[in-house]
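Please look through the sequence and the structure shown below. The report that follows takes up a few selected places in turn.

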Amino acid sequence: MFNLYTESLFGEVKQFFRIICIFQAAVMMLFTYFSAHAQNKHSTLTIQVLDSAYNPIAGIFVQLNDSTKARWAVSDSSGIVSFNQPNCTYCHLQLRGVGYMSMDTFVQRRSLDTLAFTIRQAIHSLKEVEIRSAQPRISSRNEKIIFSWEQLAQFKKGETVWDLLSMTPLIHTESNNQLKVLNNPNVVVFINGKRQNMPNTELINYLKNLPADRIIQIEIIPIPPANYQVEPGQAVLNVVLKKELQDYLGGNMNISALQNSYFNPSASIHLQGKVGKFSFINSEYLNYTSEKEKFTEDYQEIQTGYRFAQNLTRYRNNWRIIGSSLYLNFDIDSQQSLSSALFLDNMNSHPTREELGKVMYFSNGASQVPDSIGNTYSLPLEDWKDAGYTIDYSLKAFKNKLQLNAEIGQIYYKDRNRQTTRIESLKTGKYDTLYDFVQSVNQRIRNTNFYFKADYTLFKDKTLSLGINGYLTVNDNLVDWENDTPSGYVKDSSLSNTYHYVENNFYPFLNFSGSLSPKISISAGVKYEIARNDGKLNDAYIFKRNQHTWIPTLILDYQINSNNQITYSFTSSKVWPSFWELNPIRMYSSANDYVEENPYLKSAKQDEHMLRYSFHQKHQFIFDYKITHDDYSQYVFFRPGHIINITRVNFDYTRNISFLYANSLAVMHQHVVLNPQLGLVYNQIKGNDSIYADYHKLSAMVQFSAQIVLSEAKNWNCIVNGFYFSPSLSGIYDAKSFGSLGVEMKKSVKKWDLGLLVQDPFKLGTLSARVLTNQPVNMYVRTYYDNFYIRLRAVFHFWQNMSITEKSMENQSILQRLGH
């Protein structure tokens, strides 16, 4: 059995990577079969407008006159203009732009090429033109809330995707290691419409090292339609990056030093480019992270007067994280593409200092002299590795009416954790060792995910989607508990166990989207969840679950006029516990205080209604109502003998209601951009019997981001981010306020972007609350995070998107002469 858990991760990766070759061969046969349908003369006509230096030009008016009508569009930031299915073989094009000479020409329609036009600046051009864009920075369109970063290029210099997410309204980066979208922590990240299939920790590390200079917009999808590649209950963040049609090569190197209680250096290198039909994005990073956290508990039994005061300090230093990611894309032709994503991460933790906990026990609550003192010493060592890949194939056929997308991916995760704990008690001048044990946890997760979707345009803008996505997961855990004895450490079979969990979930789906009238559009769909789950504890089944659930989704959009819009969304979904929440392990903070996870947790059923009103495409008002039956969370049990047991349980239901307002406005000639967010949040928990306490609370929250141009000539900028959650305004849940504030000064010098960030100088990030219980006990807990830090970051840009068009064209000419 032990060999099952200690088998080499990378040996498995090598074996399963053979699947990639088989899948790629199958895809090549597939697109060969469909190639005849992909080549048709009525596909999209795409042109790119360039200046005399072959740089893309935005804002050029392009008119297409075909045999039926005249159509027009304006080139985007990449100089791209597309016309869908033009009815012409020789097309009449007219190009006009402020400061450029007009062009009037005929071109022969080609099905596979992007046509490039070079226009020259006018000789008698205007001396100065001030263009004020009317495009809103925050807008709403169907299921999406869109925040545009394209107009804020000066604030993206030297930043990462994670930095921009923290500055985007309706997104909260909690404790710098978790994403929330409209208070939903179950978030899936897409980049250019492609899901990033990484574990949460690795995904956040990736986003913290991915440069943001190519971000066009961030799309927030709080309730995605049924045809999205997500599990029920998940929100979507889609990061839209700029696409280049010219061949180029670019990169940067990011070096930073962060000082909190420890010195934390990090470095990363990022490369991206395009050559012909091939493009890639590659990131390599190395981080050293450390932090110190302090937890305190005050416990008192009302009837007996017994109480204790505990504080625990965790010195989590000497964490090393090294990672690599590679994205490859090959445009087979204008109708087909094949892409692949690979990632590899390793975290190694060997702290040089023990975690220290101290408890003072009082038999008489009025006494200031403790009866005894307890000390807890813990030294955790951890080493985890994960690797994964994703292969995606997309095809457009039958005059672009049919779009197919197929994806398969796998993730391998392995975690080895070993923690030595010693708990002592001081009584009458003598130390007694109550516990001295070693706990080892070996965890392995293997996940295979697949996705297939077919979109067919019935007529005009009405689309029917059908497909299936699935997740096949196996989670193996081996927990060894060894007690210290005079003869050495001896395994304790009562606390050692093996846990085997299998989760196979399939989601066939059907979705319809389109316009019902000029002002009303709809997206209505359903997923049918087929869940096969079972758990074994010490080779004995503790549960087998076969569940079938209908998961509907409805999104109605009413366009009042060009500036105002109302959107209603509804979904019903299942929420599944995380694997670590099912891992049956026990962690002691003192002799009578421990946390224990629960392998018997059930999934929760969630219904959500959301109403959004977009006023003047700038002001976003959002009302969200969410009720979750069988929801789960940590709960405190007070056992006999003053024992405190914290474990996860299923409640009867929880109810969450929120009202949010978000906006983005610019003042002082676009030199100051403000992104405020205000809200009220109501939370209620209903226990499923007399043991669990029922409670509710109402809180107010404020989140803001300000980007300020201090000196445009000298490239000085300032960014201020902050949030604040108020104490409970009502209810019996006694929670204190907490928040955060960060200020960053930025300077650009030639190829360098420099930034100095001061985060949380007032140490607002402290959680303080009263533990809810209907038992005669008062218990208060506080958590002091190591949120105050100073970070210096330097980003060096090399190659600066070096154009390699001429070399590419030369190679293309050689291939043509060779008959390719």
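## Asparagine 449 and its surroundings

Leaving aside residues up to four places away in sequence, asparagine 449 touches Asn197, Glu407, Ile408, Gly409, Gln410, Gly470 and Tyr471, where contact means heavy atoms within 4.5 Å. Asparagine 449 lies in strand S24, which covers residues 430-459; helices (H or I, at least four residues) and strands (E, at least two) are DSSP runs, numbered from the N terminus. With a relative accessible area of 2%, asparagine 449 is buried, a word that stands for under 20% relative accessible area, while exposed stands for over 50% and partly exposed for what lies in between (1.4 Å probe, protein chains only). The side chains of asparagine 449 and asparagine 447 are joined by a polar contact of 3.1 Å, that is, a pair of N or O atoms within 3.5 Å, of which, within protein, one must be able to donate a hydrogen and the other to accept it, with residues adjacent in sequence counting only if both atoms are side-chain atoms.

## Basis of the description

This is a predicted model, in which local features need pLDDT of at least 70 and side-chain atom pairs count only at pLDDT 80 or more, whereas totals for chains, interfaces and linings use all residues. Residues are numbered from 1 along each chain as its sequence is written, and side-chain values use heavy atoms, with hydrogens and water left out.

## A mostly covered helix

Helix H5, made of residues 200-207, is mostly covered, since six of its eight residues are buried. These buried residues of H5 are Glu202, Leu203, Ile204, Asn205, Tyr206 and Leu207.

## Strand S39 and its partners

Strand S39 (residues 672-686) runs antiparallel to S37, to which 10 bridges join it; two strands pair if DSSP finds at least two bridges between them. In this pairing serine 658 stands opposite valine 681 of S39. Strand S40 (residues 695-711) is also antiparallel to S39, with 14 bridges between them, and there proline 676 stands opposite phenylalanine 704 of S40.

Strand S38 (residues 665-667) is joined to S39 by three bridges, again in antiparallel fashion, and leucine 665 has leucine 674 in S39 as its bridge partner. The hairpin of S38 and S39 has four residues between the strands, and in this hairpin methionine 668 takes a positive phi near 55°.

## Phenylalanine 659

Strand S37, residues 653-662, also holds phenylalanine 659. Phenylalanine 659 counts as partly exposed because its relative accessibility is 41%.
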